[in-house]
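Open the structure in your viewer and keep the selection tool at hand. Each stop below says what to pick and what is there.

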Amino acid sequence: MKAVLATYSDAPTWADAPEPATGPGLVTVAMRAVALHNLARGVADGRHYASPADPGFVIGVDGVGVTAEGRRVYVSAPGTCAETVSVPEAALVDVPDALDDLQAAAAVNAVMSSWMAMTVRTRVRPGQTVLVLGATGGSGRPAVAVARHLGARVIAAGRNTAVLDAVGADATVDLGAPESEIAEALRAEKIDVVIDYLWGRSAELTLAALEKRGPAEFVQIGTMAGAEIALPGALLRSTDIRLLGSGFGAFTAAEVAAARPAILDAAVELGIEIDVTAVPAESVAEIWRADTAGRRVVLTL
C-alpha cells in the first residue's frame with residue numbers, strides 16, 4: 001500500500017509501506033482524509049514529544065475513513081495517513097452524516113483544544129466572561145463558538161480585525177493596537193476565564209490586566225506569539241489567578257476518548273466550519289512548507 005512517511009530531513013514523502021497488521025480486536029479502515037494540523041505536523045517533523053526517535057513512520061494522528069462494513073468513522077491513532085489502517089474499535093467514532101469527510105477530519109483537532117480547556121481543565125459556566133486570545137486562528141475561531149455554547153459572554157482578541165468582526169463574539173480586542181490601548185480594553189472587562197493560544201506579550205498584558213481583579217483562570221493552550229513570558233511573582237500573590245495548561249499531557253486518555261463524540265456533535269450543532277484546503281496525499285511534499293493563508297490542509301487518499 002501507499003502512505004505518507006516522515007523523513008525528518010525534508011518534507012514527508014508518498015511511498016510504499018507495509019500493509020497494516022490485522023487480528024482479533026482490530027478494525028481495518030480505508031482512509032479518506034487526514035488533517036495536517038499543528039500536532040500532526042509537529043510529530044511528522046520530529047519536533048513533538050510524541051515523535052518517534054527515528055523517521056520512516058507513517059504520519060498522521062487522526063483522520064476519517066470507512067470500515068469494511070461501510071461505517072464512516074473518525075480514527076484517532078498514530079499513522080493514519082495511509083491507504084489502510086488497522087486500529088482497535090476504541091479508536092473509532094462514527095461520523096455524523098451532516099459532516100463531510102474534510103470537515104470531520106479537520107474539526108476534531110480544531111475544536112478539541114477549546115472543548116477540553118473549557119469542559120475538563122476548567123468548567124465554563126453560563127454568565128461567565130471568557131477571553132479568547134488568538135481568536136482569529138484555526139482553533140481560536142471555534143473556541144468562540146464553544147464558549148458561547150457553554151453560556152459565556154465572549155471577548156475575542158486577535159490581530160485580524162476583519163476576522164474578529166466575523167467570529168460572533170460579544171466584544172473584541174485588537175491586538176495590533178498600541179499596548180496602552182490593549183491594556184485599557186482588557187481592564188475595562190471583568191474576565192473570568194482566559195483561553196490562550198498566543199502566550200508571549202499578549203499573555204503578559206492580559207495577566208497584568210487581571211491583577212487584583214480575580215478570581216480568574218488562565219488556561220494556556222498555544223504559543224503562537226512566543227514561548228516564554230515574564231511573570232512577576234507579586235501578581236500571583238496579590239490576585240486569585242489559577243494558571244492552567246491544557247494539552248494532551250494534561251488530560252487522561254479516557255477524558256480525550258470521551259470527548260470525541262461530543263466534539264463531532266458540537267461541530268454540527270454549532271455550525272462550525274473549518275477553512276479547508278484539500279490536497280491529494282501524493283502531493284504532500286508540494287504543500288508541506290507552503291503558505292496556506294490560515295486554511296487547514298487535509299490530505300485526501
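This is a predicted model: local features need pLDDT of at least 70, side-chain atom pairs count only at pLDDT 80 or more; totals for chains, interfaces and linings use all residues.

**Stop 1**

Six strands make an open sheet, ordered 10-9-8-11-12-13, with parallel pairing. In general, the strands of a sheet pair through backbone hydrogen bonds.

Now zoom in on one pair. Select strand 8 (residues 129-133) and strand 9 (residues 153-158). The two run parallel and are joined by five bridges. Which residue of strand 9 is the bridge partner of Val130? Pick Val154.

**Stop 1: helix 2 against helix 3**

Select residues 101-121 for helix 2 and residues 140-149 for helix 3. They pack with axes 8 Å apart, at an angle of about 40°. That angle is why helix 2 counts as oblique to helix 3. The crossing of this pair is right-handed.

Show the side chains at the contact:

- From helix 2, take Ala110, Val111, Ser114, Trp115 and Met118.
- From helix 3, take Pro142, Ala143, Val146, Ala147 and His149.

How many charged residues are in this contact of helix 2 with helix 3? There are no charged residues; eight are nonpolar and two polar.

**Stop 2: helix 2 against helix 8**

- Helix 2 brings Ala104, Ala107, Val108, Val111, Met112, Trp115, Met116 and Val120.
- Helix 8 brings Glu255, Val256, Ala259, Arg260, Ala262, Ile263, Leu264, Ala266 and Ala267.

By class, this contact has 15 nonpolar residues, two charged and no polar ones.

**Stop 3: helix 5 against helix 6**

Move to helix 5 (residues 179-187) and helix 6 (200-210). Their axes lie 9 Å apart, and the packing angle is about 45°. Helix 5 is therefore oblique to helix 6. The handedness of the crossing is right-handed.

Glu179, Ile182, Leu186 and Arg187 of helix 5 meet Arg201, Leu205, Thr206, Ala208 and Ala209 of helix 6. What classes do these residues fall into? Five are nonpolar, one is polar and three are charged.

**Stop 4: Arg72**

Select Arg72, which sits in strand 5 (residues 72-76). Follow its side chain to the backbone oxygen of Leu99, at 2.7 Å. Beyond its neighbours within four places in sequence, the contacts of Arg72 include Arg32, Val64, Val93, Asp94, Asp97, Asp100 and Asp101.

**Stop 5: two backbone details**

Go to the loop between helix 6 and strand 12 (216-220), where Pro215 is placed. Is the peptide bond from Gly214 to Pro215 cis or trans? The bond is cis, with omega near 5°.

Finish at Tyr8, in the loop between strand 1 (2-5) and strand 2 (13-16). Check its backbone torsion. Tyr8 is not a glycine, yet its phi is positive, about 70°.

How values were computed. Residues are numbered from 1 along each chain as its sequence is written. Side-chain values use heavy atoms; hydrogens and water are left out. Axes are lines fitted to C-alpha atoms, for helices over the stretch in contact, and angles run from 0 to 180 degrees between N-to-C directions. Helices (H or I, at least four residues) and strands (E, at least two) are DSSP runs, numbered from the N terminus. Angles under 35 degrees count as roughly parallel, over 145 as roughly antiparallel, 65 to 115 as roughly perpendicular and the rest as oblique. A crossing is left-handed if the near helix is turned anticlockwise from the far one by less than a right angle, and right-handed if clockwise. Contact means heavy atoms within 4.5 Å. Ala, Val, Leu, Ile, Met, Phe, Trp, Tyr, Cys and Pro count as nonpolar, Asp, Glu, Lys and Arg as charged, and the others, Gly among them, as polar. A polar contact is a pair of N or O atoms within 3.5 Å; within protein, one must be able to donate a hydrogen and the other to accept it, and residues adjacent in sequence count only if both atoms are side-chain atoms. Two strands pair if DSSP finds at least two bridges between them.
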